Amino acid sequence: MAQKTALIVYAHQSPGSFNAAVRDVAMQELEAQGYKVLVSDLYAMNFRANATQDDIIGDHKNPELFQYGDETTHAWMEGRLSDDIMAEQRKVEEAELVIFQFPLYWFSVPAIMKGWIDRVLTQGFAFSLQKMYNNGIFKDKKAMLSFTTGATQTMFRPDGINGDINITLWPLQNGTLHFCGFQVLAPQIFWSPAHCPAAVRTALLDGWQARLKGLLTEKPLNFAPCELFDLSFQGGFMMWPKVREELESQPYGLTTGHHLGKPLPPDNQITAQPADESSAKPACKK
């Protein structure tokens with residue numbers, strides 16, 4: 001059997017950080033399971049965050065009006081992306097599992113990790129209008145977010161000061177990972193470790209190690225499948241009217257993003273729901 005590969009995209013400045021400890025636990029446990037573990041330590045690599053013309057080698061297709069998406073698509077097709085981007089894309093291609101390890105900055109990833117997303121997940125390589133979401137290019141791969149917060153868990157509840165963590169995670173998990181086709185596993189959230197006693201931090205790491213032992217058997221999070229939408233410019237990529245009609249009888253919206261004016265499905269972005277959940281996927285396809 002071919003050796004499986006995991007990629008950890010890691011963003012923290014300090015080797016003594018809790019994030020580093022979380023990364024190390026993942027490396028050790030996955031290697032013990034027989035995985036080849038690749039790590040992209042973005043700060044150590046001095047990975048460039050800004051997406052610029054320097055990402056393309058050679059002439060531009062339209063030198064008079066530089067459009068990053070178009071130019072990187074052509075460059076990817078012709079093997080003319082910069083060496084650092086192509087090296088990261090090879091890691092993604094090799095990996096069955098991608099873990100993003102980071103501290104939550106301003107309700108999102110650190111800038112250096114956002115730069116990795118912007119520069120590495122180019123059109124053509126990671127997505128296209130024909131290959132996106134559950135029909136996406138990486139539909140046979142799994143990905144997940146693993147991150148620390150400065151805030152306590154109660155601060156990210158629907159009635160907490162920061163609001164619902166499910167809404168915070170929707171752009172990253174649906175708009176980035178699921179958009180590229182990844183099966184998105186429930187996030188691993190380490191709530192406010194800087195304010196926890198050492199014994200609690202040790203327990204958090206032990207819990208992470210225990211989860212990793214069965215990680216690849218977990219059900220991914222639920223998202224709205226493409227089949228529920230008219231995927232044409234004429235139809236506006238809107239939900240089929242029959243699907244919308246079927247959903248009217250449901251107590252919750254379909255997902256955190258496709259709420260349809262209803263209450264959000266509880267913990268849609270942090271807990272995998274049963275496959276037969278009535279509000280997860282209407283029977284109607286069009």
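I looked up Cys196 to begin with: its relative accessibility is 18%, so Cys196 counts as buried, the cut-off being under 20%. I note here that the model is a predicted one.

**Entry on the cysteines**

I searched for disulfides and found zero in the structure. I then checked Cys180, which is in no disulfide; the nearest cysteine sulfur belongs to Cys226 and lies 12 Å away. A disulfide would need the two sulfur atoms within 2.5 Å. I also looked up the accessibility of Cys180, and at 3% relative accessibility Cys180 counts as buried.

**Entry on strand S4**

How many of the residues of strand S4 are buried? I went through residues 142-148 and found seven of the seven buried, so S4 is largely enclosed by the rest of the structure. I then sorted the side chains by direction. Lys142, Met144, Ser146 and Thr148 point one way from S4, and Ala143, Leu145 and Phe147 point the other way. Both sets are buried, Lys142 included.

Next I looked up which strands pair with S4.

- I found strand S3, residues 97-103, running parallel to S4 and joined to it by seven bridges. In this pairing Val98 stands opposite Ala143 of S4.
- I found strand S5, residues 183-184, paired with S4 over two bridges, again in the parallel sense. Here Lys142 has Gln183 of S5 opposite.
- I found strand S6, residues 188-190, parallel to S4 and joined to it by three bridges.

**Entry on Ala6**

I placed Ala6 in strand S1, which spans residues 5-10. Is Ala6 buried or exposed? I read a relative accessible area of 0% for Ala6, so this residue is buried. What is Ala6 in contact with, leaving aside neighbours within four places in sequence? I listed Leu30, Tyr35, Lys36, Val37, Leu38, Ala95 and Leu97.

Conventions: Residues numbered from 1 in each chain as written. Predicted model: local features only at pLDDT ≥ 70, side-chain atom pairs only at ≥ 80, totals over all residues. Heavy atoms only, no water. Buried < 20%, exposed > 50% of the residue type's maximum accessible area, 1.4 Å probe, protein only. Helix = DSSP H or I, 4+ residues; strand = E, 2+ residues; numbered from the N terminus. Pairing = 2+ DSSP bridges. Contact = heavy atoms within 4.5 Å.
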